[in-house]
Amino acid sequence: MRLIFVANSPSPNTVELYNALHRRHDTEVSVAYLSRRNAKWLDPSFPTDHDILECRNLSPFPSRVNTAFCPGLLLRLLFKERRARIIIQGYSNPTNFLLILAMSFLRPGADWAFWGERIKKSPKSHPIRFLVKRAVISAISRSRRVYAVGQAGVKSYAEHGVPERLLRSLPYTKDFSVYQSPETTHDNEVIVTTARLVPSKKIDQLVRVFSDLADAYPDWRLNIIGDGAMRPELENGIKENLRGRITFHGYAGPEKQSEIYAGADLFVLPSMHDGWGMVVPEAMAAGLPVITTDAVMAGRDIVRSGENGFLLPPGQSEPLKAILLRVMRGDLDLEKMGAAALDSVSAYYPEHVSEDLVADISTGWRGRE
């Protein structure tokens, strides 16, 4: 079975799935990257062990993936790779948008699928965005399969009119074993978070809530992993008496993250939106209960409130404060919740996800072998 993915750029959310598919004896995998770099990741040198389809980008702004225009790739996928199963990831650039329309209307019945995060509603006051999304929804409804990132994504596409028979969840995945540590305990009195320090992640909210509780629970500490535009503001706003208890670690790779997680009791991500939120299963793989919001798609899929963490409404400080108060008072069995968190991520390893994907393509696409 030949599979071709059309992706924006190498991503820690997807590269290991491609690699896992490439290692299988029953699949031949190629990935067409419209850009080889993404400014969102400080270290984009992911191990791309899979085959890469080179494509010439004729955009006047080649460093901006949302302007990527690769006519040679379009022609190759439409006319040369007719026996391949093609999975198009997203529609936010001209190449993917045109490929979706062409596959839908020029090659009806072709073996292709769409894979993307949930579709946000565009108001009719933005007619171009509204019309683009309507065109995409109409086109992908003619595909063999629509893969959404998580069950929340599945619900989103269904609400936009994509037939439910086409919908499946295909979560982002990676090898989480690096985060597991035999040294993890739950008596450190440490809360940890990992996020880009930008307004949407609401780390400022977490800092405020922790600061409100800190005087009553002087042994507890907060570790913040990540960097971003808000870091100076966050650091400067910390009360003098808490400067030794709130630590900013900056950007950290998986190995460093694992060390910090091993000395923590609880992971918190109060984000206003995450298309997936890979830090959630990463923390759970470290045996940490997770507090996050129902605006984080991984949280909605994996977190079960009271069992392996808590799912809270986004943007509200009081529910977060109430849960952290229970944690600091010792009202919750964090060790039991951490063990449940670890069990919860087993289905999200690349080998498991790739197995499910190949099985679905083989039996659900009704395509050629």
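Let's start with a crossing: α6 passes α11 in a right-handed way, where right-handed means that the near helix is turned clockwise from the far one by less than a right angle, and left-handed that it is turned anticlockwise. This is a predicted model, in which local features need pLDDT of at least 70 and side-chain atom pairs count only at pLDDT 80 or more, while totals for chains, interfaces and linings use all residues. Residues are numbered from 1 along each chain as its sequence is written, and side-chain values use heavy atoms, with hydrogens and water left out. Helices (H or I, at least four residues) and strands (E, at least two) are DSSP runs numbered from the N terminus.

**Helices α6 and α11**

- Helix α6 spans residues 203–214 and helix α11 residues 317–329; they pack at about 50 degrees with axes 10 Å apart. Axes here are lines fitted to C-alpha atoms, for helices over the stretch in contact, and angles run from 0 to 180 degrees between N-to-C directions.
- The pair is therefore oblique; angles under 35 degrees count as roughly parallel, over 145 as roughly antiparallel, 65 to 115 as roughly perpendicular and the rest as oblique.
- On the α6 side, Gln205, Leu206, Val209, Phe210, Asp212 and Leu213 meet Ser317, Leu320, Lys321, Leu324, Leu325 and Met328 of α11, contact being heavy atoms within 4.5 Å.
- The residues of this α6 and α11 contact divide into 8 nonpolar, 2 polar and 2 charged. Nonpolar covers Ala, Val, Leu, Ile, Met, Phe, Trp, Tyr, Cys and Pro, charged covers Asp, Glu, Lys and Arg, and the others, Gly among them, are polar.

**The cavity**

- The structure holds 1 cavity of 30 Å³ or more, a cavity being a set of points on a 1 Å grid over the protein atoms alone where a 1.4 Å probe fits but cannot get out, with lining residues having an atom within 4 Å of a point.
- The largest cavity has a volume of about 50 Å³, taken as the space filled by probe spheres set on grid points that are joined across faces, edges and corners.
- Of its 13 lining residues, Gln205, Pro270, Thr293, Leu312 and Leu320 are the closest to the centre.
- Strands β11 (266–269) and β12 (290–293) are the elements that give two or more residues to this lining, and β12 provides the largest share, 3 residues.
- The lining divides into 8 nonpolar, 5 polar and no charged residues.

- Helix α3 (residues 94–105) packs on helix α4 (residues 127–140) at about 40 degrees, with axes 9 Å apart.
- α3 and α4 are therefore oblique to each other, and their crossing is left-handed.
- Phe97, Ile100, Leu101, Ser104 and Phe105 of α3 make this contact with Val132, Ala135, Val136, Ala139 and Ile140 of α4.
- The axes of helix α2 (residues 71–80) and α3 come within 10 Å and cross at roughly 25 degrees, which means that α2 is roughly parallel to α3.

Terms used
1 Å grid on protein atoms, 1.4 Å probe; cavity = no way out; pocket = protein on both sides within 12 Å on 5 of 7 lines; lining within 4 Å.
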